[in-house]
Each structure stands twice: as structure tokens, then as C-alpha cells.
Amino acid sequence: MVRKTKAEAAATREALLDAAEEVFFEKGVARTSLEQIARHAGLTRGAVYWHFKNKGDLFMALVERVRMPFQSLMEEVNNTDPTISPLEAIRLACHAGLNRLEQPSHQRILSILLHRCEFFSDINPIEMQDEISEECFDEMLLVFQLAQQQHLLRDDITPEVATRLMQSTLGGLFHDWLRNPDAFSLRARGAELIDALIKMLQR
């Protein structure tokens, strides 16, 4: 009975997150109320407050659904082939990240964070974006530093510059794609740019 209750609670939480994703994407975060989310999920407002303290807490949980720490992507690559070089691991990790970003749910949630979320009450979208960006930079920098130690990186490019080049390329590509996702394949164009940049950075 306890297990069933936990399973039902988890299902309710997921239903609320699904509803929040759809309503936030349609109306924007500031113009969406918790009551609207509850109604869209076919639940009560009390169910929302049972799982989330407020709208900011719910929004944070929604973003966590699609968060992809670069370290996690690297671990997946290294688990497949532990002998892979640092630069090749970065290349494959970036490919894997872009593949996931093309999934509809990832696209919608990140579009909400970047384009449909204003400063509101306890929600600071710029702070959230900065936190994600800084985490990715720090984790990617460690791998470029390893590449430098193994004499794989060009002598005239520091790990810091290499990391900023990669992050800026990915960020610009992602913003262009979110403005009009039907204009091009993020996965295909991203793979082309990532591969070219890695070739430019390696010795």
C-alpha cells in the first residue's frame, strides 16, 4: 500500500510538471497561475502545493528535467570507450547533448527558460541561465586542460579560450535554432560546427 501511494504521488508530480510545461510554453511563466496548471492537469490547487512550495519551486523542478551536466555527458562517452582522447570525448559529448536537445520536451522547456520567463517573484531566469552556463564551462574546462596536458591542444590556444570558443559556438547555435526550430536540424548543423571547431583546436 505504501509503495502504491508513493507511485501515485510520483505520477501526480509528473502530471503537474507536464501541465506546467504546456501552459508555461503557451502563456509564459508570469501569466500562468498555479490554479491554471492544476486545472490543466485535472488536479486541485492543493495537489500543486503538496508537491511544490510555489511557482518558482515548480519551475525549478521543470528545468531540472532537462538539465544535462556536461560531466554526465562525458561519463556516458567514457563509459562506452575509456581509452578515448579528451578532445574526442568533448566532441562526442557535445553531439550527445544536441541529440537530446532536439527532443520536443527539452526544446519546449529551454524555450520557456530563454524566451517565455520574465523576472517574477522568486524566479530569476538570468541567474538560472548563468548557473547552468558556469557549471558547463567549469566542467568542459577540466577536459580541455587534460587535452593540453596530453599535448593534444594547439600551443597558441589555452584551455580557457578553447572552452569559451566551444561554449559560444553552442550557445549561438542553440539560440538561432530556438528562434525557428524548423529552419534547420540542430543535430546536423551542430555536429558540423563541433567537428570543425575540434579540428581547429587540435594540434
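The largest pocket in this predicted model has a volume of about 750 Å³. Its lining is made up of 27 residues, and Leu101, Ile132, Ser133, Cys136 and Phe174 are the closest to its centre. If you trace the lining through the fold, you will meet α5 (70-80), α6 (86-101), α7 (104-115), α8 (125-149) and α9 (159-179), each of which supplies at least two residues. The largest share, seven residues, comes from α8.

Next comes the second largest pocket, with about 160 Å³ of space. Of its 13 lining residues, Met74, Asn78, Ala89, Val143 and Leu146 lie nearest the centre. Here α5, α6 and α8 are the elements that give two or more residues to the lining.

The table sets out the two linings by residue class.

| Pocket | Nonpolar | Polar | Charged |
|---|---|---|---|
| Largest pocket | 18 nonpolar residues | six polar residues | three charged residues |
| Second largest pocket | eight nonpolar residues | three polar residues | two charged residues |

Now for the packing. In soluble globular proteins, nonpolar side chains tend to be buried together. In this model, the largest nonpolar core has 55 residues. Phe24, Leu58, Phe59, Phe70, Phe144 and Met166 are those with the most contacts inside this core.

Which residues is Met166 in contact with, leaving aside its neighbours within four places in sequence? The partners are Ile90, Cys94, Met140, Phe144, Ile194, Leu197 and Ile198. One of them, Phe144, is itself listed among the core residues with the most contacts.

Technical notes. Residues are numbered from 1 along each chain as its sequence is written. This is a predicted model: local features need pLDDT of at least 70, side-chain atom pairs count only at pLDDT 80 or more; totals for chains, interfaces and linings use all residues. Side-chain values use heavy atoms; hydrogens and water are left out. On a 1 Å grid over the protein atoms alone, a cavity is a set of points where a 1.4 Å probe fits but cannot get out, and a pocket is an open set with protein on both sides within 12 Å along at least five of seven lines; lining residues have an atom within 4 Å of a point. Grid points are joined across faces, edges and corners, and a volume is the space filled by probe spheres set on the points. Helices (H or I, at least four residues) and strands (E, at least two) are DSSP runs, numbered from the N terminus. Ala, Val, Leu, Ile, Met, Phe, Trp, Tyr, Cys and Pro count as nonpolar, Asp, Glu, Lys and Arg as charged, and the others, Gly among them, as polar. A nonpolar core is a set of buried Ala, Val, Leu, Ile, Met, Phe, Trp, Tyr and Cys residues joined through side-chain atoms within 4.5 Å. Buried means under 20% relative accessible area, exposed over 50%, partly exposed in between (1.4 Å probe, protein chains only). Contact means heavy atoms within 4.5 Å.
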